[in-house]
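The sequence and the structure come first, and notes grouped by topic follow.

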Amino acid sequence: MAMGFSRVPLLRRLPVSSPALPYSSSLQSNRKINISASLSTTEESTSSLIQDTPTRTRWKPMCLYFTQGKCTKMDDPLHIDTFNHNCSLELMRNAARLENLKQQEFEYFLVLDLEGKVEILEFPVLLFDAKTMDVVDLFHRFVRPTKMHEERINQYIEGKYGKLGVDRVWHDTAIPFAEVIEQFEVWLGERQLWRNELGGCLNKAAFVTCGNWDLKTKVPQQCTVAGMKLPPYFMEWINLKDVFLNFYKRRAPGMLSMMRELQIPLSGSHHLGIDDSNNIARVIHHMLTDGAVLQLTAKRNPRSPEKVEFLFKNRIV
Ligand SMILES: [Zn+2]
């Protein structure tokens, strides 16, 4: 089909006649592809989720070149009209709920949701401001596996991202993990979130993940595969599932169940890292307005970093 590389939810969402339908080849000029549909701002819900937030702006798929700092069409009105180039959650302010807000230990949360089982394929980080309760910036890279043959990569990506319609943007932009980390450190440094003189730990910020897998297991594994030392800012994190359990006294073993419990509609494609991070940010927003305090839940032992100490007694195992 003509839109073979667009994402299924996109096709479901956009009217067939819409001029916003992603890019016929005549519009692509010198770019190989322009389909970069992410549904980050949509209010799309699944049948199992209750939609309680009205749509405020016309939904647009996220430009996945923009999220990676690689959009070259920012001066093209049609492109800007078609794709979202704003990382804000665009959630409505509810003044009554702001009364519950608690002082947070961290000024910023780095919402991280990795993708890739064999090797990391996507490294999305949203910068969530604890005061404004919104996403104020992002770092997003597709990651090219270090030790995998080209043919295997192609199969892997087709299976993983083909059905979401983002396999071509992946091929167009993915870079090796070591480069991703290099660029991530520059990004952190520019925002004063990371200081070498603090032993390379984060400054004013903490990672928030859904589960322990991302930082306990996958990042160290990928560092080994890439022949790198584990960067010092991956020594501690907040597992949102543990905070959820201790705050609401309800068990939610995954992102979808947290969203269901809080009646937050699913946005975008589940298992596209940038969309999942966006959904986790919506959960954080909801929890903060309910009065939750996001504290560290896990710390590595500085002497033997492979040992992780869990800081909450009640936790999701
Ligand atoms: Zn763009």
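Helix H5 lies across strands S4, S5 and S6, and runs at about 160° to S5. Axes here are lines fitted to C-alpha atoms, for helices over the stretch in contact, and angles run from 0 to 180 degrees between N-to-C directions. Helices (H or I, at least four residues) and strands (E, at least two) are DSSP runs, numbered from the N terminus.

The model is predicted: local features need pLDDT of at least 70, side-chain atom pairs count only at pLDDT 80 or more, and totals for chains, interfaces and linings use all residues. Residues are numbered from 1 along each chain as its sequence is written.

**Overall make-up**

- The secondary structure of the protein comes to nine helices and 10 strands.
- Of the 317 residues of the protein, 41% count as buried. A residue is buried if 20 or more other C-beta atoms lie within 10 Å of its own, exposed if 12 or fewer, and partly exposed in between, with C-beta atoms placed from the backbone.
- Among contacts between residues at least 6 apart in sequence, 67% join residues at least 24 apart. Two residues are in contact if their C-beta atoms, placed from the backbone, lie within 7 Å.

**The sheet**

- Eight strands form an open sheet in the order S6-S5-S4-S3-S7-S8-S9-S10, with mixed pairing. Strands S6 (175–176) and S10 (308–310) stand at the edges with a single partner strand each, so one side of each has no neighbour in the sheet.
- Two strands pair if DSSP finds at least two bridges between them. Strands of a sheet pair through backbone hydrogen bonds, either parallel or antiparallel.
- S5 and S6 run parallel and are joined by two bridges; Val-143 has Ile-175 in S6 as its bridge partner.
- Arg-300 is the bridge partner of Val-308 in S10.

**Strands S3, S4 and S5**

- Strand S3 (residues 108–112) and S4 are antiparallel and share five bridges. Leu-110 stands opposite Leu-127 in S4.
- S4 pairs with strand S5 (residues 134–144) in the antiparallel sense over eight bridges, and Pro-124 has His-140 in S5 as its bridge partner.
- S4 and S5 form a hairpin with four residues between them. Met-133, in the turn, has a positive phi of about 55°.
- Strand S4 (residues 122–129) is mostly covered, with seven of its eight residues buried. S5 is also mostly covered, with eight of its 11 residues buried.

**The largest nonpolar core**

- The largest nonpolar core has 74 residues, and Phe-109, Leu-110, Val-111, Phe-128, Ala-206, Val-208 and Ile-284 touch the most other members. Helix H9 (residues 273–289) gives the most to this core, with six residues.
- A nonpolar core is a set of buried Ala, Val, Leu, Ile, Met, Phe, Trp, Tyr and Cys residues joined through C-beta atoms within 7 Å.
- Leaving aside neighbours within four places in sequence, Val-208 is in contact with Phe-109, Leu-110, Val-111, Ile-238, Leu-240, Ile-280, Ile-284 and Leu-294.

**Helices H7, H8 and H9**

- Helix H7 (residues 240–248) lies across S7 and strand S8 (236–239), and runs at about 50° to S8.
- In H7 the residues Leu-240, Lys-241, Asp-242, Val-243, Phe-244 and Leu-245 are buried. The cover over the buried residues of H7 includes S7, S8, H8 and H9.
- Lys-249 follows H7 and has a positive phi, near 55°.
- Helix H8 (residues 255–262) packs against H9 at an angle of about 40°, with their axes 10 Å apart. H8 is therefore oblique to H9. Angles under 35 degrees count as roughly parallel, over 145 as roughly antiparallel, 65 to 115 as roughly perpendicular and the rest as oblique.
- Met-255, Met-258, Met-259 and Leu-262 in H8 meet Asp-276, Asn-279, Ile-280, Val-283 and His-286 in H9.

**Arg-195**

- Arg-195 is in the loop between helix H5 (177–190) and strand S7 (205–209).
- Arg-195 counts as partly exposed because it has 15 C-beta neighbours inside 10 Å.
- The C-alpha atoms of Arg-195 and Tyr-233 are separated by 9.6 Å, and the two residues are 38 residues apart along the chain.
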